[in-house]
Amino acid sequence: MVGRSTLRDASMDPALWKAYYMHRYTHADVEKESERRSRLSDDWRRMYYERRQQDHKALDHLQVVIETTRSRTRVKHAREIAKLGLDAWDALVAESTRPLPVLFQSDRDIEKVKKGMPLTNLSRKYWSSELQSIIAKRDAIEIWSSVKKHIRNNKSALPSFEEAFATLSSFHGILSDEILKNINSIADLCRENLEEEGVPYVPGTKGFDTPKLCIAICAFMRSQGFDQGEQNQFYDIRNSLPHLFISTQRRSLPLSLVFIFVTIAKRLGLPASALDTPGRVLALVRGTFVDVYGSKTRAILNSSEDFGDTQFTPHVQATLTASLLGRVARNISVALAQPDLLISDETRHVYLQARFLASCLSTLFGTNVTDDFFGRGMVESLLFPLDLELVVRDRLIPNSRIGPRGVSEEFCDGTSATIDVRESEIAAAVPQKSRASVKIVDCLFVGQIIMFSRNGCLGCVVEWERTRNNKYLYSTISFNHHDVRPVHSEDVTLVDSCSSSMIRCFLANPLVGLFFEDAEFVGVPDALGAGRGRFIMNARMRQLYPDDDECGARWVRGDES
């Protein structure tokens with residue numbers, strides 16, 4: 001009994017919980033965390049308990065988001081998660097990174113299973129990832145809005161240029177701290193390189209020379225692949241997305257290269273700034289103008305230690321940051337307007353997110369971008385199921401003195417009302433989708449794998465309705481197009497035999513989890529991996545098509561009676 005009492009007393013020691021808390025919760029809303037630490041007097045055990053309770057509430061809301069058939073209900077519960085902000089991030093990451101169902105498991109998933117991690121399903125992964133994206137976008141708009149507020153009153157907290165710029169990847173679900181962490185690693189490599197080359201980088205030390213140091217930083221960047229973009233890739237939206245131009249798209253635009261240069265220089269302890277100069281963006285370091293983009297030919301354009309101090313005042317930095325973010329919006333819009341732009345089905349999601357990003361920046365900073373994304377692109381795409389309410393209504397409109405063309409509170413209200421009508425029509429049609437009560441003949445089930453007669457590509461049925469001439473109109477997804485497309489029954493054939501790898505191909509479609517939670521494959525003996533497969537509807541779809549799950553289960557096992 002004494003041993004148990006001692007162990008219990010030890011477990012109550014708040015100091016023992018700090019490491020556990022810091023390991024589990026690597027993200028937090030700054031203001032909420034500060035308030036929590038103050039209120040609980042840095043009692044890490046109580047803080048951990050409070051965060052865990054918060055996680056459970058968030059996951060309860062997530063379950064409703066997954067299962068409901070009503071958009072208003074989904075938005076209501078998703079909003080509760082979004083209000084938690086980064087406090088909910090770690091719980092959502094845990095949900096979205098759990099191993100997938102057996103049929104879809106990668107080698108990494110298998111390793112997670114061996115470690116005892118529980119499985120998730122496609123729908124849970126989809127919605128937890130979607131909510132991460134929502135939180136990241138809301139956070140980005142708040143950061144950009146604080147730049148605007150500082151310009152107006154000089155009192156609001158001002159994010160640094162590099163923080164505001166790193167948030168551009170938030171529209172792809174990647175937080176700014178991850179971007180800055182990667183660039184900090186590059187800065188550390190640069191510091192090691194400078195030391196190896198004997199280039200002083202601390203002002204005031206023997207041999208320190210600003211122009212020579214800037215030339216050395218530019219040379220290091222080129223050695224790491226950060227250089228002028230290829231002519232045929234100059235108008236590429238990936239040049240404006242930090243998570244891409246610091247990894248696979250290192251030959252990039254002047255603005256993107258200057259962002260990396262300025263971040264490295266500041267990490268080395270130097271006063272550095274990007275300049276919104278005409279034609280080509282330049283950098284300024286201690287009165288030295290640096291052409292990072294053209295550094296291979298001529299890096300230093302001018303140098304005067306007496307010039308440039310005024311460029312580093314908070315107001316000027318805020319103005320420059322706002323101007324450069326507006327420049328990003330123009331760069332993306334110009335790239336998307338190229339007459340020879342080819343948007344494949346596989347990259348459509350990336351381009352739509354870039355349009356969304358450019359439209360938000362244009363709205364906040366008043367750049368002349370006339371894309372009607374809010375009016376059509378967002379509403380007509382299933383790729384943004386929560387954004388109009390949780391990003392545009394909740395964050396963008398309140399932070400914009402002049403609303404963007406086609407979007408306002410009234411526009412959001414009208415769109416929601418239209419969705420309500422459509423969902424009421426769908427609910428009213430559920431009895432007609434019952435195969436038990438209505439004679440349904442030769443109708444494919446939701447989750448059935450098909451082939452399009454037009455191009456021979458694989459698809460999957462996600463909805464169906466009977467037409468007036470007693471034929472069927474199907475809504476379908478495919479592994480090589482990222483939207484839902486209608487097709488008539490005479491234009492598809494069912495795939496009677498497939499392989500498990502063919503089913504796994506559908507993971508490339510970001511919408512698969514919107515309709516399905518899993519898939520099953522029943523192999524045929526001695527058929528060299530061939531058999532029948534189908535996708536298994538999630539809870540939302542089972543409510544809309546009450547008999548299709550049983551129909552699909554019988555079919556995949558050859559029981560079609």
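**Entry 1: Arg 286.** I began with Arg 286, which is partly exposed because its relative accessible area is 27%, where buried means under 20%, exposed over 50% and partly exposed in between, with a 1.4 Å probe and protein chains only. The model I am reading is predicted, so local features need pLDDT of at least 70 and side-chain atom pairs count only at pLDDT 80 or more, while totals for chains, interfaces and linings use all residues. I also noted that residues are numbered from 1 along each chain as its sequence is written, and that side-chain values use heavy atoms, with hydrogens and water left out. Arg 286 sits in the loop between strand 4 (282–285) and strand 5 (288–290), where helices (H or I, at least four residues) and strands (E, at least two) are DSSP runs numbered from the N terminus. I looked up its backbone angle and found a positive phi near 50 degrees, in a residue other than glycine. Most residues other than glycine have a negative phi.

**Entry 2: Asp 42.** I then turned to Asp 42, which is not a glycine and has a positive phi of about 55 degrees. Asp 42 lies in the loop between helix 3 (30–39) and helix 4, and it counts as partly exposed because its relative accessibility is 33%.

**Entry 3: Arg 51.** Is Arg 51 buried or exposed? I found that Arg 51 counts as buried because its relative accessibility is 0%, and that its place is in helix 4 (residues 44–67). Its side chain reaches the backbone oxygen of Asp 87 at 3.2 Å. Leaving aside neighbours within four places in sequence, I listed the residues in contact with Arg 51 (heavy atoms within 4.5 Å), among them Tyr 21, Tyr 25, Glu 33, Asp 87 and Asp 90.

**Entry 4: the cores.** Next I looked up nonpolar cores, meaning sets of buried Ala, Val, Leu, Ile, Met, Phe, Trp, Tyr and Cys residues joined through side-chain atoms within 4.5 Å. The largest has 146 residues, and those with the most contacts inside it are Trp 144, Met 221, Phe 261, Phe 356, Phe 516 and Phe 535. Helix 8 (residues 122–153) gives the largest share of this core, 12 residues. A second, separate core of six residues includes Leu 40, Trp 44, Met 47 and Tyr 48. Going back to Phe 516, I noted that its contacts beyond four places in sequence include Leu 122, Val 446, Ile 477 and Phe 535.

**Entry 5: Val 102.** Last, I looked at Val 102, which is exposed because its relative accessible area is 64%. Val 102 is placed in the loop between helix 6 (89–96) and helix 7 (107–114).

How values were computed: A polar contact is a pair of N or O atoms within 3.5 Å; within protein, one must be able to donate a hydrogen and the other to accept it, and residues adjacent in sequence count only if both atoms are side-chain atoms.
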